[in-house]
Amino acid sequence: MWQPPERIKHELPPAAWPTREEAAAARLFQPIALGPREARTRTWVPAMVPWRATEDGFVTDDVVDWYRRFADGKPGVLVVEATGIRDIPSGPLLRIGHDRFVEGLSKLTAAVKEASGGETLVFIQLIDFLSIRRRPPRDKFFARFLAITEQHRERLFALRGQGAADGDEAEIRARLEALTDAELVGVLTERELEDLKQGYRERVTDVHLPHIRDLPTSLPPLFAAAATRALAAGFDGVELHFAHAYTMASFLSALNTREDGYGGSRENRMRLPREVISAVRERVGTQGVLGCRYLGDDVVAGGNHVDDAAWFGVELARAGLDFLSISKGGKFEDARQPKVGWAAYPYTGRSGYECMPTIYSDERGPFSRNTPIAAEIRRTVRTAGFTTPVIAAGGIASFAQAEAALAAEEADLVASARQSLADPDWWLKMREGQGETIRRCEFTNYCEALDQQHKQVTCKLWDREALDAPDVTMAQDGKRRLLAPRWR
Ligand SMILES: Cc1cc2nc3c(=O)[nH]c(=O)nc-3n(C[C@H](O)[C@H](O)[C@H](O)COP(=O)(O)O)c2cc1C
Ligand code: SF4
């Protein structure tokens, strides 16, 4: 992962944990309305993909155990990982694109309700993503993937002169492959160069492809059907994934230059999200909570910044969402070049760092790093007259940080991903005045590296305790606990 060049190592924020009485009086542990439901506390575990589903996208016992373990800590809200809304193969990522997935998802919601004693609202994050291919070997790219055009012949002629553009396609392919990387810059288009270096990736602007052109027609019913299944499976609500590197975030982004009324101006970029929300709301009604996660800043050249996000916040609130969960970055545009045979991963560049900042940082450091963008969005949404709750995430790992964000009205609920992963009981430990027993996240992103390699996600701190205890289940590599050690 990219890291700020300063590489300043930051200490964890001081841990002044509350007594049981202080916790009872704290803002963090007060209830809050989320549309038709009420969260018992303002604590939130955001979506985290643990790589535990089957290859066909079904819930496994390991998936159920993973969410049950988070529910032990009784957060106000627990959001289940990004779950695909289409009925297409997508590896071991959860899916909800067909009724056959409902049964497994029902087991998951039942486990969360049971473990939290009914205290935790459980939402599911609904995602759509476009196709991405692995980085091809150079010879294969020229022999098979590259579509030879008249422009290649013209540029070869300009570069090598007489005869270079003659011959059949196979000869042109061979001549292109023989060019140096520097020469290729003048011969391939920018997009072809990227396909060679990063692997082919579809974009929402590829409107020459019928399935991309038709996304505005295909997506609203797909999201609506997925939301219906989510309610049938016992979820209290859905979180539309409008963040990071995926389809809906790409529609919102200033990089969306579609000319069909769904790109260009902010108003046009908001059109598909508005249509998705309306289609989902029609199905969900007031039966379930409907919110979204979106980016307070894309953190890539030409992308959205916080002023765009504040404008979108108002429009998303106006469209009737029950919450706005704010994330940052996590884009493909600045992803590191993958190894040959690997697909690009959207959390390897600067935008990825800003999504999941580590202790090796700049002056600002990782802690509460992204709260200011949530605060700016919340201020703008409030000024426009909407009371929609806003959720902040990013390096929040202590009671004081969470309370400060709520006291300063920077956010209405506080999300902690990695700290909840390190110690799923941490919310409950705070409530019970047992803060000193909290296993504190070190923000070095061992877990995120596992995610990147599509390995079962675990926390490095879990393996420091009794690995030989009788009820310990181990990861596929046999070296790591699959779940956080029991508290009691
Ligand atoms: C292993 C892992 C998987 C993640 N998967 C998702 C996901 O499915 N959807 C999502 O919106 N964010 C995902 N995130 C980002 C987190 O929800 C969160 O925004 C980020 O880690 C910053 O919060 P933190 O500093 O509290 O960890 C993931 C993070 C991690 C570490
Ligand atoms: S692996 Fe590291 S960054 Fe991830 S939750 Fe554990 S301590 Fe935190």
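Guide: Ala, Val, Leu, Ile, Met, Phe, Trp, Tyr, Cys and Pro count as nonpolar, Asp, Glu, Lys and Arg as charged, and the others, Gly among them, as polar. The structure is a predicted model, in which local features need pLDDT of at least 70 and side-chain atom pairs count only at pLDDT 80 or more, while totals for chains, interfaces and linings use all residues. Residues are numbered from 1 along each chain as its sequence is written, and chains are lettered from A and ligands numbered from 1 in the order in which they are written.

Visitor: How many nonpolar residues are in the shell around ligand 1?

Guide: A residue belongs to the surroundings of a molecule if its C-beta atom, placed from the backbone, lies within 6 Å of it. On that criterion 24 residues surround ligand 1, and the closest are P46, A47, A82, A417 and R418. By class, six of the shell are polar and five charged, and the number of nonpolar residues is 13.

Visitor: Which element supplies the largest share of the shell around ligand 1?

Guide: Helices (H or I, at least four residues) and strands (E, at least two) are DSSP runs, numbered from the N terminus. At least two residues of the shell come from each of β5 (77-84), α18 and α20. The largest share is three residues, and these belong to α20.

Visitor: Which element gives the largest share of the shell around ligand 2?

Guide: Ligand 2 is surrounded by 13 residues, of which the closest are R418, C441, Y446, C447 and C459. Two or more residues are given by α18 (418-422) and by α20 (446-452). By class, the shell comprises eight nonpolar, two polar and three charged residues. Its largest share, three residues, comes from α18.

Visitor: What distance separates the centres of domain 1 and domain 2?

Guide: Domain bounds come from an automatic or database domain assignment. That assignment gives domain 1 as 8-131 + 205-454 and domain 2 as 138-198. Taken over C-alpha atoms, the separation of the two centres is 42 Å.

Visitor: Is strand β6 largely enclosed or largely open, and how many of its residues are buried?

Guide: A residue is buried if 20 or more other C-beta atoms lie within 10 Å of its own, exposed if 12 or fewer, and partly exposed in between, with C-beta atoms placed from the backbone. L121, F123, Q125 and I127 lie on one side of β6 and V122, I124 and L126 on the other, and all are buried. Strand β6 (residues 121-127) is therefore largely enclosed by the rest of the structure, the buried count being seven of the seven.

Visitor: How many bridges join β5 to β6?

Guide: Two strands pair if DSSP finds at least two bridges between them. One bridge in this pairing sets G84 against I127 in β6. The strands β5 and β6 run parallel, and the number of bridges is seven.

Visitor: Which residue in β7 is the bridge partner of I124?

Guide: The strands β6 and β7 pair in the parallel sense over four bridges. Within β7, the residue bridged to I124 is V238.

Visitor: Which helix makes a β-α-β unit with β8 and β9?

Guide: Strand β8 (residues 289-295) has parallel neighbours: six bridges join it to β7 (residues 237-242), and five join it to β9 (residues 323-327). A crossover is right-handed if, with the strands pointing away from the viewer, the path from the first strand over the helix to the second runs clockwise. The unit formed by β8, a helix of residues 306-318 and β9 is right-handed, and that helix is α14.

Visitor: Is W426 buried or exposed?

Guide: W426 is found in helix α19 (residues 426-431). Beyond its neighbours within four places in sequence, W426 is in contact (C-beta atoms, placed from the backbone, within 7 Å) with G73, Q419, S420 and I438. Because 29 other C-beta atoms lie within 10 Å, W426 is buried.

Visitor: Is A469 buried or exposed?

Guide: A469 lies in the segment after α20. The C-alpha atoms of A469 and R431 are separated by 27 Å, the two residues being 38 apart along the chain. Because A469 has 10 C-beta neighbours inside 10 Å, this residue counts as exposed.

Terms used:
Two residues are in contact if their C-beta atoms, placed from the backbone, lie within 7 Å.
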